[in-house]
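Visitor: Can you walk me through this one? I'd like to start with how the parts meet.

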Amino acid sequence: MRTPAADRGRHRVLVVEDDDTIGRHLQTGLRSNDYTATWSRTGTAALTEASLTPYDVLLLDLGLPDMDGLAIARTLRTRHPDLLIIILTARTDDIDVVAGLDAGADDYLVKPFSLTVLLARLRAHLRRRTATSPLQDPIHLADLVLDTAARRCLLHNEELHLRPKEFDLLTVLAQHTGEAVPRETLMSEVWDENWFGSTKTLDVTMAALRRRLAEAAAASPRPARLPRITTLRGHGYRLEY
Ligand code: CA
């Protein structure tokens, strides 16, 4: 077993931030907490850096001098499906948060935020990401097969390319098939055990997951039976098939 400190030491973080004070603060703070941190001040520099070195985490400011942060999130999400993307934004408009999550970000923090909160979020995300269960059998949900060990989702042997959080969300619901799963359980299991505040990220990810399932069914050459995810107003969701 690796120690938590050694485990954290393996994680490479790319900070994309044009503000000198925040960028330096993040880089120093991450390094003193056993992360490897590289700091890019522009979107162009970040894209170049990400193409040279494999990163585990992207901390992404949305307001950059040369590019829109959302375009960077979209590009890197496509190139690196397993990259953990956390948006750092001074924008408090809901629409920006939704756009960020839709562009492929896993989470967001609204500035100003404390380093302690950022580190807690990182730990929770990374712990969940490495906590795989290699001996788990694939879960069959009607015509959908969820192979949690391989992190693959198949419909008639065609792979659905789910984003990490969409996959995790489907997995938690599948592990409770037929049961009502409260929103709080989904937030703590899929996002952060210490989550607080908005659950908008859950709604956005759920909408994206439903869209992907519907698209896969529509694109399937054979009739496809998919699990249904029912919204339980004021409570949560239930998956059944
Ligand atoms: Ca900025």
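**Between the domains**

Guide: Three residue pairs, both at pLDDT 80 or more, are in polar contact between domain 1 and domain 2; a polar contact is a pair of N or O atoms within 3.5 Å, where within protein one must be able to donate a hydrogen and the other to accept it, and residues adjacent in sequence count only if both atoms are side-chain atoms. This is a predicted model, with local features needing pLDDT of at least 70, side-chain atom pairs counting only at pLDDT 80 or more, and totals for chains, interfaces and linings using all residues. Residues are numbered from 1 along each chain as its sequence is written, and side-chain values use heavy atoms, leaving out hydrogens and water.

Visitor: Which helix gives the most to the side of domain 1 that touches domain 2?

Guide: α6 does, with seven residues. Helices are DSSP runs of H or I, at least four residues, and strands are runs of E, at least two, numbered from the N terminus.

Visitor: And where are the domain bounds?

Guide: Domain 1 is 12–130 and domain 2 is 139–240; the bounds come from an automatic or database domain assignment.

Visitor: How much area do the two bury between them?

Guide: About 1500 Å², with 50% of it on carbon and sulfur atoms. That is the accessible area (1.4 Å probe) that two parts lose on being put together, summed over both. On the domain 1 side, L101, D102 and R128 lose the most, together 32% of what that side buries.

Visitor: What does the side chain of D102 meet in a salt bridge?

Guide: The side chain of R211, at 3.7 Å, N to O. A salt bridge here is a side-chain nitrogen of Lys or Arg within 4 Å of a carboxyl oxygen of Asp or Glu.

Visitor: Switching to α5. Which of its residues are buried?

Guide: In α5 (residues 94–102) they are D96, V97, G100 and L101, buried meaning under 20% relative accessible area (1.4 Å probe, protein chains only). They sit on the same side of α5 because they cover an arc of only 130° around the axis, taken from the directions from the helix axis to the C-beta atoms.

Visitor: What do they pack against?

Guide: α4 (69–79), β4 (84–89), β5 (107–110) and α9 (200–219), with contact meaning heavy atoms within 4.5 Å.

Visitor: Is D106 buried or exposed?

Guide: D106 is buried, at a relative accessible area of 2%. It lies in the loop between α5 and β5, and its contacts include R77, L101, H125 and W191.

Technical notes: Buried < 20%, exposed > 50% of the residue type's maximum accessible area, 1.4 Å probe, protein only. Lists of a residue's contacts leave out its neighbours within four places in sequence.
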